[in-house]
Amino acid sequence: MIRMVARRLLALVPLVFLVTLLVWGLVLVIPGDQALAIAGDSATPEQVEAIREDLGLDDPVPVRYGRWLAAAVQGDLGTSLYTSYSVTDALADRLPVTLSLVFVSFALAVVVGTAIGMLAANQKGRLTDRLLTVTTSVGLAVPNFWLGLLLVTFFALKLEWFPSGGYVPFTEDPAGWLRSITLPAVTLATAVAAELARQMRASMSDVLERDFIRTHRAKGLRPATIVRRYALKNAAMPVITVAGLQIARLFGLATIVEIIFNLNGVGALAVDAVFDRDIPVIQGCVLLITVIVLLVNLVVDVSYGLVNPKVRAQ
Amino acid sequence: MTGAGTDALLEVEGLAVEFATAQGWARVVDDVSFTIGHGETLGLLGESGCGKSVTSLAVMGLLPPRSSRIAAGSIRLAGRELRGLSESQLSDVRGNLVSMIFQEPMTSLDPAFRVGEQISSVLRRHRGTSRSGARERAVELLDLVGIPDAAQRVDDYPHTFSGGMRQRVMIAIALACEPDLLIADEPTTALDVTVQKQILELLADLQDRLGMGVLFVTHDMGVISQISDRVVVMYAGQVVEQASTEEVFWHPQHPYTEGLLACLPAEHGRERLRGIPGLVPGPLDLPGGCRFHPRCHHARAGLCDVTPPGLDEVHSGHRARCLLARDLELRGIS
Ligand SMILES: Nc1ncnc2c1ncn2[C@@H]1O[C@H](COP(=O)(O)OP(=O)(O)O)[C@@H](O)[C@H]1O
Ligand code: SF4
Ligand SMILES: [Mg+2]
């Protein structure tokens, strides 16, 4: 098990290297002159040239990449072209917001999706199942910006149960944090919960038909024990893989939700940076999210191994 | 024949099971009756599809709840009626007083749990045994069913066991609470011949030691002759013959049984005799009169295709469902 984790971590190194190449390559692909962007419209050609010299923009590509990589490895992702803040600091500021949002959403989606899927599989073909199937179809189809606006209108503006936007750090006020994250998390979680519910329903109803379920019944185990302990562990295997892919999707969708709810997360930062052509910030955001997604996938694979004895044996 | 007072372990009487089909309820088991005494082995014999598994599952209360129903009859265990018990009451009986092992050892164990857990869960459920006590007992049981290195193997997963070894694990699970009755539904059919023999010997040996009654289901005449005291032969959902094993083999009273015996490899000869020509009818297209008549050599037109035979006593302890049972001279093994 530990060896497997170590092996998988090692395998990440070339992958992350490849990602840095692609991320850094943005500089070459995105149109516009960085020096010009920093200098502003009113600068003289001499000023622009000085900035270019300063940034080493005329050096050969491999040298520039090497310089960037060496700094990045030490945690220095450069400076924002606009705010002249360190990109690393900006990310460190924003990351807790995005992580809170994504992980609360994911936890919500897993709990709700699993529960719905299990219930539907248990009631397969009956009214409850059909109602849940309709619900999950709606959950999958509803666009999340629309859902977000709906939730804000109703629960924030009308009922005033939750704030309509803004983020409260957990360390400042845990209750406030929860209130600030609830509506965004529900918005973000809905589609993923629906997807997981569908997967769990399919997987669980497949498992419930298998011979070994009959063995558990022949042993006299109680139906609730059979479903929650034995069937669930078997049914979880394919769902874990799907859930892992959903985390990557959540990081992508988080951007829209951050903007709707005015949360200063990494996604919102990246969008601003794109409008500003603030390349170091874009690079930092993409690199950070990619590395997080890779690590999450690793965690998913490891937990898959924990429930599947055939993988663990290797 | 009232429940209390009789000393039979299991009494099945007039059992009828129906499955839901597009054309309504199809009766796949019809008027099946038999008893099993304490420590006795009853062989339930018949071609595939005749209703042996359905009968076994009915006794276990494991029939699919919505697509099937017990339409008639009673199932009494030590005098207590099981038909009509709630799922929760039945679950107290299953794995505790009555256990079952199945035809498919490869798929009957839970792939996601260690075999030790699968044995100890039944002990914890019915005996309230502690976790560590149940584990110790699991090792003993694995040892009892002949699994080498039981103390190590208890922590292994089913996929590391062969088919024969998995069936041994199934037997360990079934016997964990020392049930009064073991139902073995074709437990050796999926195994190859040498393993089949070992499992049969194991079952016979365990029965000697533990003294439980056994309902042994098979389509294999050869297996039946080795293990059972009495035999019930089923055809198309009905019992067609019922007697001691010797009687059935030496003096069959039903043409279907005679046909099955003729399929056995001849004792000394080289030739394997013919099978029974024709197909088993499905529950929705049962022939009128005697259900066996389209395949019966002895059938008499105007009688067998008109009058349904009852399961009558031909002589003491020997019943057959044949209109001509008293007239026919049928061949047993010789
Ligand atoms: N779940 C089910 N749904 C519908 N019909 C079934 C089901 N299980 C068994 N049957 C039918 O019941 C009859 C008896 O089956 P079974 O008891 O499995 O035969 P066998 O003697 O081979 O064990 C067959 O005609 C079969 O098609
Ligand atoms: S009743 Fe007639 S058809 Fe049926 S088994 Fe007897 S002889 Fe054959
Ligand atoms: Mg069967």
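Over residues 177-197 of chain A the chain is 100% helix and 0% strand, with the end C-alpha atoms 27 Å apart. This stretch belongs to a predicted model, and it is one of the segments of chain A to which an unreviewed UniProt entry assigns the feature "transmembrane region".

**Chain A**

- Chain A contains 13 helices and zero strands, and its pattern, read along the sequence, is accordingly written as α-α-α-α-α-α-α-α-α-α-α-α-α.
- Taken along the principal axes, the box filled by the C-alpha atoms of chain A is roughly 85 × 55 × 35 Å.
- The unreviewed UniProt entry places "transmembrane region" at residues 97-119, 131-157, 177-197, 235-261 and 281-307 of chain A.
- Over one of these stretches, residues 131-157 of chain A, the chain is 93% helix and 0% strand, and 30 Å separate the end C-alpha atoms.
- UniProt, again in an unreviewed entry, lists residues 95-300 of chain A as "domain: ABC transmembrane type-1"; over that range the chain is 83% helix and 0% strand, and the end C-alpha atoms are 21 Å apart.

**Annotated domain of chain B**

- For chain B, an unreviewed UniProt entry gives the feature "domain: ABC transporter" at residues 10-261.
- Over residues 10-261 of chain B the chain is 39% helix and 28% strand, and its end C-alpha atoms lie 27 Å apart.

**Ligand 1**

- The shell around ligand 1 is made up of Phe19(B), Val28(B), Glu47(B), Ser48(B), Gly49(B), Cys50(B), Gly51(B), Lys52(B), Ser53(B), Val54(B) and Pro283(B), which divide by class into five nonpolar, four polar and two charged residues.
- Helix H1 of chain B, residues 52-60, gives the most to this shell, contributing three residues.
- Backbone atoms approach oxygen atoms of ligand 1 at several points: a backbone N or O atom of Gly49(B) lies 2.6 Å from an oxygen atom of the ligand, a polar backbone atom of Gly51(B) is 3.1 Å from an oxygen atom of the ligand, and a backbone N or O atom of Lys52(B) lies 2.8 Å from an oxygen atom of the ligand.
- Ligand 1 exposes 560 Å² when taken alone, and the protein buries 64% of that area.

**Ligand 2**

- Ligand 2 sits in the largest cavity.
- The residues around ligand 2 are His254(B), Pro255(B), Cys290(B), Phe292(B), His293(B), Cys296(B), His298(B), Ala299(B), Cys304(B), Cys322(B), Leu323(B) and Leu324(B).
- By class, the shell around ligand 2 holds nine nonpolar and three polar residues, with no charged residues, whereas the shell around ligand 1 includes two charged residues.

Methods: Residues are numbered from 1 along each chain as its sequence is written. Chains are lettered from A and ligands numbered from 1 in the order in which they are written. This is a predicted model: local features need pLDDT of at least 70, side-chain atom pairs count only at pLDDT 80 or more; totals for chains, interfaces and linings use all residues. Side-chain values use heavy atoms; hydrogens and water are left out. A residue is near a molecule or strand if one of its heavy atoms lies within 4 Å of it. On a 1 Å grid over the protein atoms alone, a cavity is a set of points where a 1.4 Å probe fits but cannot get out, and a pocket is an open set with protein on both sides within 12 Å along at least five of seven lines; lining residues have an atom within 4 Å of a point. A molecule sits in a cavity or pocket if more than half of its atoms lie within 2 Å of its grid points. Ala, Val, Leu, Ile, Met, Phe, Trp, Tyr, Cys and Pro count as nonpolar, Asp, Glu, Lys and Arg as charged, and the others, Gly among them, as polar. A polar contact is a pair of N or O atoms within 3.5 Å; within protein, one must be able to donate a hydrogen and the other to accept it, and residues adjacent in sequence count only if both atoms are side-chain atoms. Accessible areas come from the Shrake-Rupley method with a 1.4 Å probe; for residues, only the protein chains shown count as cover. Helices (H or I, at least four residues) and strands (E, at least two) are DSSP runs, numbered from the N terminus. UniProt positions are given in the numbering used here, feature names are shortened, and annotations may be inferred rather than shown by experiment.
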